[in-house]
Amino acid sequence: MSNLDEIDLNIMRATQAGLPLTAKPYHAIAEQLGLSVDQVIERMRRMQELGVIRRIGAVPNHYKLGYRFNGMTVWNVPDEKIDALGQRIGRLDFVSHCYHRPRHLPLWPYNLFAMVHGRSQEEVDQQIGQIAAILGQDNLGSDVLYSTKILKKTGFRSK
């Protein structure tokens, strides 16, 4: 973080709990820090280019939205097909994130992960069935790890 100055750090501290929930969040940050809106936006853009900020996006609380049945589905699919299959699964509207992870044989044969969200166990079961149908014979095995509570909904924190 040697490319950051005190203004950058102040912007990070002001946004680390999330952008203000207003129609113009960058204006609120600028006013709070005594900066112009253009300065805030330009510095945040630069911090994204540097990789200090990975992304700016909404982080929904699925529980508060009524999605109390959340499961990380894990799949064992052929390595040569994982990119194409992962893209198809990742486009499903009930999948919040889908990614490739290395296997840890012999205990963990799964290489494709897809988080699904539903308002009931039946809904999640149907979603898992849809993924299994898409994978077809490329589904070499699967499992589901259900969420029982929210463990983390924050990013990096600085004082």
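Colleague: At the start of helix H1, which backbone nitrogen does a side-chain oxygen of Asp 5 reach?

Modeller: A polar contact is a pair of N or O atoms within 3.5 Å, where, within protein, one must be able to donate a hydrogen and the other to accept it, and residues adjacent in sequence count only if both atoms are side-chain atoms. Here the side-chain oxygen of Asp 5 comes to within 3.0 Å of the backbone nitrogen of Ile 7. Please keep in mind that this is a predicted model, in which local features need pLDDT of at least 70 and side-chain atom pairs count only at pLDDT 80 or more, while totals for chains, interfaces and linings use all residues. Residues are numbered from 1 along each chain as its sequence is written, and side-chain values use heavy atoms, with hydrogens and water left out.

Colleague: Which residues of H1 are buried?

Modeller: Buried means under 20% relative accessible area, exposed over 50%, and partly exposed in between (1.4 Å probe, protein chains only). In H1, which runs over residues 6-15, the buried ones are Asp 8, Ile 11, Met 12, Ala 14 and Thr 15. Seen down the axis of H1, they fall within an arc of 165° (taken from the directions from the helix axis to the C-beta atoms), so they line one face of the helix. These buried residues pack against helix H2 (25-33) and helix H3 (37-50), where contact means heavy atoms within 4.5 Å.

Colleague: How many helices and strands does the protein chain have?

Modeller: Helices (H or I, at least four residues) and strands (E, at least two) are DSSP runs, numbered from the N terminus. The protein chain has 5 helices and 4 strands, and along the sequence they follow the pattern α-α-α-β-α-β-β-α-β.

Colleague: Which residues have the most contacts inside the largest nonpolar core?

Modeller: A nonpolar core is a set of buried Ala, Val, Leu, Ile, Met, Phe, Trp, Tyr and Cys residues joined through side-chain atoms within 4.5 Å. The largest here has 16 residues, and Trp 75, Val 77, Ile 89, Val 95, Leu 112, Ile 131 and Leu 135 have the most contacts inside it. Helix H4 (82-90), strand S3 (112-118) and helix H5 (121-135) each give two or more residues to this core, with H5 giving the most, at 4 residues. A second, separate core of 12 residues includes Ile 11, Ala 14, Ile 29 and Ala 30.

Colleague: Which residues of H5 are buried, and which exposed residues does the face turned away from its buried side carry?

Modeller: An α-helix has 3.6 residues a turn, so residues three or four places apart point the same way. In H5, Val 124, Gln 127, Ile 128, Ile 131 and Leu 135 are buried, and they cover an arc of only 100° around the axis, which puts them on the same side of H5. The opposite face carries the exposed residues Glu 122, Gln 126 and Ala 133. The buried residues of H5 pack against strand S1 (69-75), H4, strand S2 (95-100), S3 and strand S4 (142-146). After H5 comes Gly 136, whose phi is positive, near 55°.

Colleague: Is Thr 73 buried or exposed?

Modeller: Thr 73, found in strand S1, is buried, with a relative accessible area of 0%. A polar atom of its side chain lies 2.6 Å from the backbone oxygen of Ala 114. Leaving aside neighbours within four places in sequence, Thr 73 is in contact with residues including Ile 128, Ile 131, Asp 143 and Val 144.
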